Amino acid sequence: MDITVTVNKDWWPSPAKLNLFLHILGRYDNGYHKLQSLFQMLDYGDKLAFDINHTGTIAMSTPLKGVKDEDNLIIRAAKLLAAQTKTKLGAHISLEKCLPMGGGIGGGSSNAATTLVALNALWGTRLSVHQLADIGLQLGADVPIFVRGETSFAEGVGEQITPAPQPEQWFLVANPNVHISTGEIFTAQELTRNTPSMDWADYKFEETRNDCQQLVVNRYPEVAKLLQWLVHYAPSRMTGTGACVFAPFSDESLANDVQGKLPSSWQSFVAKGVNRSPLLEKLEKYNSVNATSDTN
Ligand SMILES: C[C@](O)(CO)[C@H](O)COP(=O)(O)OP(=O)(O)OC[C@H]1O[C@@H](n2ccc(N)nc2=O)[C@H](O)[C@@H]1O
Ligand SMILES: Nc1ncnc2c1ncn2[C@@H]1O[C@H](COP(=O)(O)OP(=O)(O)OP(=O)(O)O)[C@@H](O)[C@H]1O
């Protein structure tokens, strides 16, 4: 019999990211690409809750439409953590999904990272951030950066991370309603893979680009249309391998104004860029409450 012993209805945030730029420098022998990118954490995303049990069962309480539980990055992350730590505990996991899937804003990777960070705390398995990031890398190139939770420059396949705090900005993120597979873009023959390596100290948004953008614009007219619309209001760019595009604003109200003009066929959100992700804030709060109750 499966008895849930701890009911924890606390929500753990699973934020989105934007690639403020994405340069492709080359390709490794295993087919993965050598990148340079600036990952901007947002204060907006999905939410996860974990009901811990003593039977070792790991399952979704809210299955994700179109994704089998065994393929869900949340379940795969929980199972990898359980295997590595040999914990006898399990979890029933609830997901409140609001990030578009396949949008280039890292939803699945962020869900996996939140699962690793939250269960490491709730199961008391005490792995280091470094160990969690290593587990995360087995699930996807972007998972380690969400585990670390800081706006950062990234290189290698995305796993070599240097924190890079950015001035506060607001972003309008719009979804052209097309699903683009990362694999499709990275295997395209016409993708350029020869951008020279950049010194982080020289970073300026306007001197960078997304090397996947031209290819996606050529293949997906909806992305082209959305970018053409947005660029009238602010410098606009695609994130990751698409499909979402974003525009930065110095002020929330400016971002809201442009969102108000966006044709309703395109879904969008306005989010604040943050240097520390809401997941880190949540973990800190959890740890401080637990440290207090430990001493009681
Ligand atoms: C390009 C980015 O979207 C930037 O945020 C990500 O690095 C992609 O991260 P992701 O979706 O977590 O990627 P993964 O799930 O690891 O890989 C999906 C596919 O993308 C390709 N891929 C990914 C990352 C990378 N540095 N080089 C690649 O060639 C590989 O073909 C891989 O099969
Ligand atoms: N928990 C999850 N949330 C979203 N997608 C998931 C999840 N688990 C598995 N997937 C699979 O991963 C695919 C990519 O989803 P995701 O939202 O991470 O894309 P993305 O935003 O383009 O990611 P990235 O920016 O890292 O390339 C989905 O189409 C889905 O099949």
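Reader: Which residues does the UniProt annotation "domain: GHMP kinase N-terminal" cover?
Author: Residues 72-149, according to an unreviewed UniProt entry. Keep in mind that the model you see is predicted.
Reader: How much of that span is helix, and how much is strand?
Author: Residues 72-149 are 56% helix and 9% strand.
Reader: Where does Lys17 lie?
Author: In strand β2, which runs over residues 12-27.
Reader: Buried or exposed? And why?
Author: Lys17 is buried, because it has 27 C-beta neighbours inside 10 Å. The cut-off for buried is 20 or more.
Reader: What is Lys17 in contact with, leaving aside neighbours within four places in sequence?
Author: Phe39, Gln40, Met41, Leu42, Ile105 and Gly106.
Reader: Now Asp142. Where is that one found?
Author: Asp142 sits in the loop between α3 (129-137) and α4 (143-148). It counts as buried because 26 other C-beta atoms lie within 10 Å.
Reader: And which contacts does Asp142 make, beyond four places in sequence?
Author: Gly106, Ser109 and Gly158. Gly106 is also on the list for Lys17.
Reader: Switching to the ligands. How many residues surround ligand 1?
Author: 19 residues. The closest are His33, Gly140, Ala141, Val157 and Gly240. The elements giving two or more residues to this shell are β2, β3 (33-53) and α5 (182-186).
Reader: How many residues surround ligand 2?
Author: 20 residues. Leu73, Gly107, Gly108, Asn111 and Gly240 are the closest. Gly240 is among the closest to ligand 1 as well.
Reader: Which element gives the most to the shell around ligand 2?
Author: α2, with 4 residues. Both α1 (73-85) and α2 (107-122) supply at least two.
Reader: And the classes around ligand 2? What are the counts?
Author: 6 nonpolar, 12 polar and 2 charged residues.

Definitions and conventions:
Residues are numbered from 1 along each chain as its sequence is written. Chains are lettered from A and ligands numbered from 1 in the order in which they are written. This is a predicted model: local features need pLDDT of at least 70, side-chain atom pairs count only at pLDDT 80 or more; totals for chains, interfaces and linings use all residues. UniProt positions are given in the numbering used here, feature names are shortened, and annotations may be inferred rather than shown by experiment. A residue is near a molecule or strand if its C-beta atom, placed from the backbone, lies within 6 Å of it. Ala, Val, Leu, Ile, Met, Phe, Trp, Tyr, Cys and Pro count as nonpolar, Asp, Glu, Lys and Arg as charged, and the others, Gly among them, as polar. A residue is buried if 20 or more other C-beta atoms lie within 10 Å of its own, exposed if 12 or fewer, and partly exposed in between; C-beta atoms are placed from the backbone. Two residues are in contact if their C-beta atoms, placed from the backbone, lie within 7 Å.
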